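This report describes the architecture of a protein model and the contacts within and between its chains. Please consult the sequence and the structure shown below alongside the text.

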Protein chains: 2
Amino acid sequence: MTKHINTTPARGPADHSVRDQVVDAATEHFGHFGYEKTTVSDLAKAIGFSKAYIYKFFDSKQAIGEVICSNRLAMIMEIVHAAIADAPTAAEKLRRLFKALTEAGSDLFFHDRKLYDIAAVAARDSWPSAAAHEERLRQLIEQIILEGRQNGEFERKTPLDEAAHAIYLVMRPYINPVQLQYNLETASSAAVLLSSLILRSLSP
Amino acid sequence: MTKHINTTPARGPADHSVRDQVVDAATEHFGHFGYEKTTVSDLAKAIGFSKAYIYKFFDSKQAIGEVICSNRLAMIMEIVHAAIADAPTAAEKLRRLFKALTEAGSDLFFHDRKLYDIAAVAARDSWPSAAAHEERLRQLIEQIILEGRQNGEFERKTPLDEAAHAIYLVMRPYINPVQLQYNLETASSAAVLLSSLILRSLSP
């Protein structure tokens, strides 16, 4: 195996801040005009950079969208982790996880509609950021089930990955932005009803 | 209470057959060109009736769509009832119900795409036919749970309507055509995994 050697000069803080500048401007611009309607040329014009200069930092519009999407999904994961951090039981963690996810998704939909649209494109087209988010959530669910099995709250017969995946599938229509938009009206009551069903399915 | 007296002559078999003719032609026409793109004028031209004549039998394009939709949903309910009729247990009935619904929905999507689109419009806009179908399914789920409770297969602590509604919510993303289109790839494996989760939630 050979280590990849970069023949161009290493990117320093200046490059880093150009990337940030592009992402900030794109967040603003996509937020106003929508992701799908904005081109890299539009962005370049708005920021005052040349299109070629932007392409030195990002391969495509999607690459910029990916950064915005990853940032937003990281925020959602922070909200989720904060919500479950001091839950007294594994059962309560699952309830709070489901509630926090539907609330964060609905908030994004109602207060940041254009950024919600990027998230919807990311989910529809399975962008790496969206797929990684799904995987993180599935792992978090698995971890909570494991915790509940270890302290005797949950049954231990069902294969762990099967139980975690099925629970993720129950939650998905309220997490995935493409689907959440059809479930917004019922999302908060559904999260309560479905959490109870999930917990009944986990009872020893 | 007064009985409603029809001042126009009672509609006989001839009228009935005109309605059928319009519905048949509309099924054909919507099937080719799509529901949303077709107008009542297009239909009238295609059938060789005047637009005014069609309006004697149907209040709107949606009223025609409703008949087509109801017919299709009645077919789906027949498939479901046939699938569960000889199931030996209530648990097996739930499994078959879920499987039959996802299969019938996927079939419609892949083999009758334009009619699927009417079903999607009906679900999106909550047409009475779609709402009635949802209600029938919810009642069928309730009936199966009750059967399973009576013969000792299922737990009896959860309020019956809560259990039935939660199970319906688990199934909905694979039944509702607007949502099923995002779940097609995973629908058949999801139906198996989620049936098992539902049955775990019902265990005494």
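Over all chains, the structure holds 16 salt bridges, a salt bridge being a side-chain nitrogen of Lys or Arg within 4 Å of a carboxyl oxygen of Asp or Glu. The model is predicted: local features need pLDDT of at least 70, side-chain atom pairs count only at pLDDT 80 or more, and totals for chains, interfaces and linings use all residues. Residues are numbered from 1 along each chain as its sequence is written, chains are lettered from A and ligands numbered from 1 in the order in which they are written, and side-chain values use heavy atoms, with hydrogens and water left out.

**Salt bridges named in this report**

| Pair | Closest N to O distance |
|---|---|
| A:E103 and A:K99 | 3.2 Å |
| A:R124 and A:E36 | 3.7 Å |

**Fold of chain A**

Chain A comprises ten helices and zero strands; helices (H or I, at least four residues) and strands (E, at least two) are DSSP runs, numbered from the N terminus. The C-alpha trace of chain A spans about 60 × 50 × 30 Å along its principal axes. Within helix α5 (residues 90–111) of chain A, A:E103 and A:K99 are separated by about one helical turn because they are four residues apart. These two residues form a salt bridge at 3.2 Å.

Two annotations of chain A come from an unreviewed UniProt entry. UniProt positions are given in the numbering used here, feature names are shortened, and annotations may be inferred rather than shown by experiment. The record lists "domain: HTH tetR-type" for residues 16–76 of chain A. That span is 80% helix and 0% strand, and its end C-alpha atoms lie 24 Å apart. The annotation "DNA-binding region" covers residues 39–58 of chain A, a span that is 75% helix and 0% strand, with 13 Å between its end C-alpha atoms.

**The two domains of chain A**

The domain assignment, whose bounds come from an automatic or database source, divides chain A into domain 1 (14–58) and domain 2 (64–202). Their centres, taken over C-alpha atoms, are separated by 30 Å. The contact (heavy atoms within 4.5 Å) takes 15 residues from domain 1 of chain A and eleven residues from domain 2 of chain A.

The size of an interface is often given as the accessible area lost when the parts come together. Here, buried area is the accessible area (1.4 Å probe) that two parts lose on being put together, summed over both. Domain 1 and domain 2 of chain A bury about 1000 Å² between them, 78% of it on carbon and sulfur atoms. On the domain 1 side, A:V23, A:F30 and A:Y35 supply 42% of the buried area, more than any other three residues.

One salt bridge is counted between domain 1 and domain 2 of chain A. A:R124 forms a salt bridge with A:E36, with the closest N and O atoms 3.7 Å apart. Helix α1 (residues 13–33) of chain A gives nine residues to the side of domain 1 that touches domain 2, the largest share. By class, that side of domain 1 has nine nonpolar, four polar and two charged residues. In this classification Ala, Val, Leu, Ile, Met, Phe, Trp, Tyr, Cys and Pro count as nonpolar, Asp, Glu, Lys and Arg as charged, and the others, Gly among them, as polar.

**The interface of chain A and chain B**

Chain A and chain B each give 24 residues to their contact. Between them they bury about 2100 Å², 65% of it on carbon and sulfur atoms. In chain A, the residues that lose the most area to chain B are A:Y182, A:L193 and A:R200, together 28% of what that side buries.

Two salt bridges are found across the interface of chain A and chain B. The elements of chain A that give two or more residues to the side touching chain B are α8 (160–175), α9 (177–183) and α10 (187–202). α8(A) supplies the largest share of that side, ten residues. By class, the side of chain A that touches chain B has 13 nonpolar, seven polar and four charged residues.
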